[in-house]
Amino acid sequence: MSEVIDAAVARLTEKDTSEFDGRARFVIEDEGTIMLDKSGVRAADEAADVTLTSDAETFRAILDGELDPTSAFMTGRLSVDGDMGLAMQLGAVLN
């Protein structure tokens with residue numbers, strides 16, 4: 001597992017994910033995949049309701065609050081595949 005994935009899992013674990021009711025997969029290009037669901041946050045690649053994909057720099061900026069997930073999506077730095085309603089819920093979790 002990469003240091004980027006380990007750091008991202010740690011940062012996501014600090015977030016309040018209690019309002020998120022789904023399975024999300026975060027794909028960090030050239031690094032790995034993270035899962036978020038009611039079981040928690042973990043480095044894994046499993047089936048999900050929504051998949052968010054970005055490079056490591058973009059994902060770090062989102063987790064650090066330097067980049068709004070919606071802005072990242074609108075500018076093409078973050079791609080979303082799957083349930084857009086859940087993607088919107090994730091935006092609130094990530095901020």
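These are my notebook entries on the fold of this predicted model.

**Ground rules.** I number residues from 1 along each chain as its sequence is written, and side-chain values rest on heavy atoms, with hydrogens and water left out. Because the model is predicted, local features need pLDDT of at least 70 and side-chain atom pairs count only at pLDDT 80 or more, while totals for chains, interfaces and linings use all residues.

**Entry 1: elements.** I listed 4 helices and 5 strands. These are DSSP runs numbered from the N terminus: helices are H or I, at least four residues, and strands are E, at least two. From the N terminus on, I read α-β-β-β-β-α-α-β-α.

**Entry 2: the sheet.** I looked up the strand order next. The 5 strands make an open sheet, β3-β2-β1-β4-β5, with mixed pairing. Strands count as paired if DSSP finds at least two bridges between them. β3 (40-43) and β5 (78-82) are the edges; each has a single partner strand, so one side of each lacks a neighbour in the sheet. Neighbouring strands are turned by 20° against each other on average, direction ignored. Axes here are lines fitted to C-alpha atoms, for helices over the stretch in contact, and angles run from 0 to 180 degrees between N-to-C directions.

Entry 3: I followed the hairpins. β1 and β2 run antiparallel, joined by 5 bridges. I28 stands opposite G32 in β2. This hairpin has 3 residues between its strands, and D30 in the turn has a positive phi of about 65°. D37 has G40 in β3 as its bridge partner. I checked cover on β2: 5 of its 6 residues are buried (under 20% relative accessible area; 1.4 Å probe, protein chains only).

**Entry 4: β4, β5 and α4.** β4 (residues 50-54) runs antiparallel to β5, with 5 bridges. L52 has V80 in β5 as its bridge partner. Helix α4 (residues 84-94) packs on the sheet, touching β1 (24-28), β2 (32-37), β4 and β5. Contact means heavy atoms within 4.5 Å. The direction of α4 makes about 55° with that of β4.

**Entry 5: whole chain.** The C-alpha trace spans about 30 × 30 × 20 Å along its principal axes. Buried residues make up 41% of the 95. Among contacts between residues at least 6 apart in sequence, 59% join residues at least 24 apart.

How values were computed
Buried < 20%, exposed > 50% of the residue type's maximum accessible area, 1.4 Å probe, protein only.
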